[in-house]
Amino acid sequence: MEKYNKRMGDFRITENAAIAENYSLLKLIPVEGLLSDSAIRPGQFVQVVTPNNATYLRRPISICYIDNDANEMWLLIRKAGDGTRALCDQPNGATINMIYSLGNGFDLSEAGSSPLLIGGGVGVAPLLNLGAELNRQGIKPTFLLGARSAKDVLLAEEFAKYGDVHVSTEDGSAGEKGLVTTNTILNSEFTHIYCCGPMPMMKAIAKIAREKSTPCEVSLENVMACGVGACLCCVEKTTAGNVCVCKEGPVFNIDQLLW
Amino acid sequence: MANLNVNIGNLSLKNPVLTASGTFGYGEEFADFIDLNRLGGFIVKGTTLEPRQGNDYPRMVETPSGMLNAVGLQNKGVEYFISEIYPRLLQYDSEIIVNISGSSIDDYRKVAEMLAPLDRIRAIEVNISCPNVKSGGMAFGTTTEGAASVTKAVREAFPKTLIVKLSPNVTSIADIARAVEAEGADSVSLINTLMGMAIDVERQRPYLSTITGGLSGAAVRPVAVRMVWQVSKAVKIPVIGLGGIMNGRDAIEFMLAGARAIEVGTANFINPAVTVEIVDYMNDYCERHGVKDINEIVGMI
């Protein structure tokens, strides 16, 4: 694991784009060093100091995409509270401090030839980097993105670079009407399912995956303080007892979980 | 460079900076960010006789300038510490202090007995102040009799430096400190977390699975400084101060109030390099104030 040393460092925002009503896509470059030195894996996350002390603790944010050529990290952020709102309000050129890259990512060795990547809401974030990495390994994934309505479908054009994109919206304004769990693409066979989104969605997808005997990984976002496995606040009950989502996760195979 | 060496009983620390139990894992979690050898020592997380799963999630909620936690002493037990963790920690030359906890006096005694033969464990910190477990923990720390009886039992089992960690959730922390001093404690550390509670008003339920939890972070600092000041006037043994230390300035504040050494807790979550920054600050502070030995400022107030 020596290769994956954690770091703390400042990042400069090169672009902050509001991509939907409550979402911003931040593109950042490290003030010092190269991201490629950190060998960041899809599914890992960062811990961000929120601007102007908007929060006391750091906030964990999924890494959305890594562009090693541009030395650029993308973070997709939903304005959920004071901290994420402050991050979304940061101007281009602002500097934020991050601890990176944390946790274990998705297990790409299990992807097989036709993986399905399912994201709901801001949960689509880590699937972009995962899709890109799968592409680099010669695998073309299928994406299923869930959102409330057409205007909330996030980064669809980015996902389309790496595979077919299917969409479910609750109001039917884009793709199929309903939740991702009723999308007809789930009738097809896939070699592996990677899922990130609201807890009820992930639990429903886990149930479907079990019924179809398709291996499935989910990315959890339990409330955490340290992000490095020290405080033991973000635990999830697993077959191995309570484990830290920040260190042993955030990605878990559903066979490890008790749901 | 000023002398930063301080002594806690027979324990010599290269500098006064320690890490608070439960906020620094086994130290290794922070090895990517800092040189652990620059610390006076690290206090590894609360260790019990048997493995414990701790409390149910959710265990943490952020509060104004702080956080409430209800981890509940999740740990793999003292045997696991001795066989798996201790050998890995031998590569560091900073002091390794084990925080111990138990549900009964016998638990405390047994854990202390098992740690006593380990050469590099030259001190233990006895937790009689955890607010997040059903039995033991804080129950021993809120009466002078309870605190004295645990201290007496551990004192008999552990011949090296014995630190007792005190609860702030008491009427007179100075009385508790005097009681453990009388039973042979070499030092007291304070404060553990303040018992608190927070409610999600939209969902109309508490944030923590245990309803109440322990408050830490900058919010508790003035309470902690006051208690360190009171206790340092009440006992002759050295006091270790903690509670909301976020930076070097805060650490000096505790030392002026009477702390011989300090522990950094919640701040590690926000800045994993804060401990070494505090060591640097202490050097700088001593230089700016013409202090040749940091012991000179202890208890100036």
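In this predicted model, A:Glu211 and A:Lys207 form a salt bridge, with their closest N and O atoms 3.7 Å apart. Both belong to helix H4 of chain A, residues 199–212. They sit 4 residues apart there, which means about one helical turn separates them. An α-helix has 3.6 residues a turn, so residues three or four places apart point the same way. A:Glu211 is exposed, and A:Lys207 is exposed too.

A:Lys151 pairs with A:Glu21, and the closest N and O atoms lie 3.8 Å apart. This pair links distant parts of the chain, 130 residues apart. A:Lys151 is in the loop between strand E9 (142–147) and helix H3 (156–159) of chain A. A:Glu21 is in the loop between strand E1 (7–20) and strand E2 (23–30) of chain A. Both A:Lys151 and A:Glu21 are exposed.

Over all chains, a search of the whole structure finds 27 salt bridges.

Now turn to the place where the chains meet. Chain B brings 32 residues to the contact, and chain A brings 27 residues. About 2500 Å² is buried between chain B and chain A. Carbon and sulfur atoms give 60% of that area. How many salt bridges cross the interface of chain B and chain A? The rule finds 3.

One of them joins B:Asp56 and A:Lys237, with the closest N and O atoms 3.0 Å apart. B:Asp56 lies in the loop between strand E4 (41–47) and E5 of chain B, while A:Lys237 lies in strand E14 (residues 235–238) of chain A, so this pair joins two chains. B:Asp56 is partly exposed, with a relative accessible area of 41%. A:Lys237 also counts as partly exposed, because its relative accessibility is 43%.

A:Lys6 and B:Asp32 also meet through their side chains, in a salt bridge of 3.6 Å, N to O. The count of residue pairs in polar contact between chain B and chain A is 11. Which elements of chain B give two or more residues to the side that touches chain A? They are strand E5 (60–63), strand E6 (66–69) and helix H8 (267–270). E6(B) gives the most, with 3 residues. By class, this side of chain B has 13 nonpolar, 13 polar and 6 charged residues.

Next comes the interior. In soluble globular proteins, nonpolar side chains tend to be buried together. Here the largest nonpolar core has 139 residues. Among the residues that touch the most other members are A:Ile118, A:Ile205, B:Phe81 and B:Met282. H9(B) supplies the largest share of this core, 7 residues. A second, separate core has 30 residues, including A:Tyr65, A:Leu130, A:Leu134 and A:Ile139.

Setting aside residues up to four places away in sequence, B:Met282 touches B:Leu4, B:Pro16, B:Val17, B:Ala251, B:Ile252, B:Met255, B:Ile262 and B:Ile294.

B:Asn283 lies in helix H9 of chain B, residues 274–288. Is B:Asn283 buried or exposed? B:Asn283 counts as buried because its relative accessibility is 14%, and buried means under 20%. Beyond its neighbours within four places in sequence, B:Asn283 is in contact with B:Met1, B:Ala2 and B:Leu4.

B:Thr19 is another buried residue, at 0% relative accessibility. B:Thr19 lies in strand E3 (residues 17–19) of chain B. A polar atom of the B:Thr19 side chain is 3.2 Å from the backbone nitrogen of B:Ile43. Apart from neighbours within four places in sequence, the contacts of B:Thr19 include B:Phe24, B:Leu39, B:Glu263, B:Asn268 and B:Thr275.

The last stop is helix H2 of chain A, residues 125–136. How many of its 12 residues are buried? The answer is 9, and the helix is mostly covered. The buried residues of H2(A) include A:Ala125, A:Pro126, A:Asn129, A:Leu130 and A:Leu134. Just after H2(A), A:Gly138 takes a positive phi of about 85 degrees.

Terms used
Residues are numbered from 1 along each chain as its sequence is written. Chains are lettered from A and ligands numbered from 1 in the order in which they are written. This is a predicted model: local features need pLDDT of at least 70, side-chain atom pairs count only at pLDDT 80 or more; totals for chains, interfaces and linings use all residues. Side-chain values use heavy atoms; hydrogens and water are left out. Buried means under 20% relative accessible area, exposed over 50%, partly exposed in between (1.4 Å probe, protein chains only). Contact means heavy atoms within 4.5 Å. Buried area is the accessible area (1.4 Å probe) that two parts lose on being put together, summed over both. A salt bridge is a side-chain nitrogen of Lys or Arg within 4 Å of a carboxyl oxygen of Asp or Glu. A polar contact is a pair of N or O atoms within 3.5 Å; within protein, one must be able to donate a hydrogen and the other to accept it, and residues adjacent in sequence count only if both atoms are side-chain atoms. Ala, Val, Leu, Ile, Met, Phe, Trp, Tyr, Cys and Pro count as nonpolar, Asp, Glu, Lys and Arg as charged, and the others, Gly among them, as polar. A nonpolar core is a set of buried Ala, Val, Leu, Ile, Met, Phe, Trp, Tyr and Cys residues joined through side-chain atoms within 4.5 Å.
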